[in-house]
Amino acid sequence: MHPWKHFKTITRHKLLVMKYCFRVGLYKQGLLHDLSKYSPVEFLVGCKYYQGDRSPNNAEREHTGVSLSWLHHKGRNRHHFEYWVDYSLEDKEHVINGAKMPRKYVAEMVMDRISASRNYLGDDAYTDRAPYEYFMKNKDRLWFIHRETSRDLEALLHMLADKGEEKTLAYIKHVYLKKRK
């Protein structure tokens, strides 16, 4: 059990996301981001499976076959595309499908991915390409993410990789979050 290390990791992550959300004008989301990680169902799993360089949810999943912590987390945090999975009335291939995420949650997801990469890689190893590369590594397996959400997320992470943090955050704040669709 590593309660102190886990607490420091999730708190650092939360504070990083808050800082980034504030920079793009998402104040409420920055304050409320990932509060469920402090609930017993998520926090205790994090303490038990803490490793410091990856999500404890993956270790729980490897050990038990399912991550109850993740199921709890993604069902309460709208910045995860998994939150937006629902039954499909239109797609004849899949019973479930992803619903389109509102832009403010896509933007928060970008902040989450930047902060998670910084947290798990460390500031010395982190580059602005890391969140993009992590997304692209798994993109083909994410059939349940809405195509427009996937397109937006990939484009924003690609911008981060190519143009850097300052230009990407400015674009998110002044352009992406101002668009209606």
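Asp 34 lies in the loop between helix H2 (27-32) and H3, where helices are DSSP runs of H or I with at least four residues, numbered from the N terminus. With a relative accessible area of 1%, Asp 34 is buried, a word that stands for under 20% relative accessible area, while exposed stands for over 50% and partly exposed for what falls in between, using a 1.4 Å probe and protein chains only. The phi of Asp 34 is near 55 degrees, a positive value in a residue other than glycine. Most residues other than glycine have a negative phi.

The model is predicted, so local features need pLDDT of at least 70 and side-chain atom pairs count only at pLDDT 80 or more, whereas totals for chains, interfaces and linings use all residues. Residues are numbered from 1 along each chain as its sequence is written, and side-chain values use heavy atoms, with hydrogens and water left out.

The contact, meaning heavy atoms within 4.5 Å, involves residues of H1 including Arg 12, Leu 16 and Tyr 20, and residues of H6 including Met 111, Ile 114 and Arg 118. By class, the contact of H1 with H6 has seven nonpolar, four polar and four charged residues, where Ala, Val, Leu, Ile, Met, Phe, Trp, Tyr, Cys and Pro count as nonpolar, Asp, Glu, Lys and Arg as charged, and the others, Gly among them, as polar.

Helix H6 also holds Ser 117, which is buried with a relative accessible area of 11%. Leaving aside neighbours within four places in sequence, Ser 117 is in contact with Gly 122, Tyr 126, Ala 130 and Pro 131.

Pro 131 belongs to the side of H7 that meets H8, together with Tyr 132, Phe 135 and Met 136. The axes of helix H7 (residues 130-138) and helix H8 (residues 147-163) come within 8 Å and cross at roughly 145 degrees. On the H8 side the contact includes Leu 153, Leu 157 and Leu 160, and by class the contact of H7 with H8 has eight nonpolar, two polar and one charged residues.

Helix H9 (residues 165-174) contains Glu 165, which is buried with a relative accessible area of 12%. Apart from neighbours within four places in sequence, Glu 165 is in contact with Tyr 20, Arg 23, Ile 114, Arg 118, Asp 128 and Leu 160. The side chains of Glu 165 and Arg 118 are joined by a polar contact of 3.1 Å, that is, a pair of N or O atoms within 3.5 Å, of which, within protein, one must be able to donate a hydrogen and the other to accept it, and residues adjacent in sequence count only if both atoms are side-chain atoms. Lys 167 is likewise in helix H9, but counts as exposed at 57% relative accessibility.

Key. Helix = DSSP H or I, 4+ residues; strand = E, 2+ residues; numbered from the N terminus. Axes fitted to C-alpha atoms, helices over the stretch in contact; angles between N-to-C directions.
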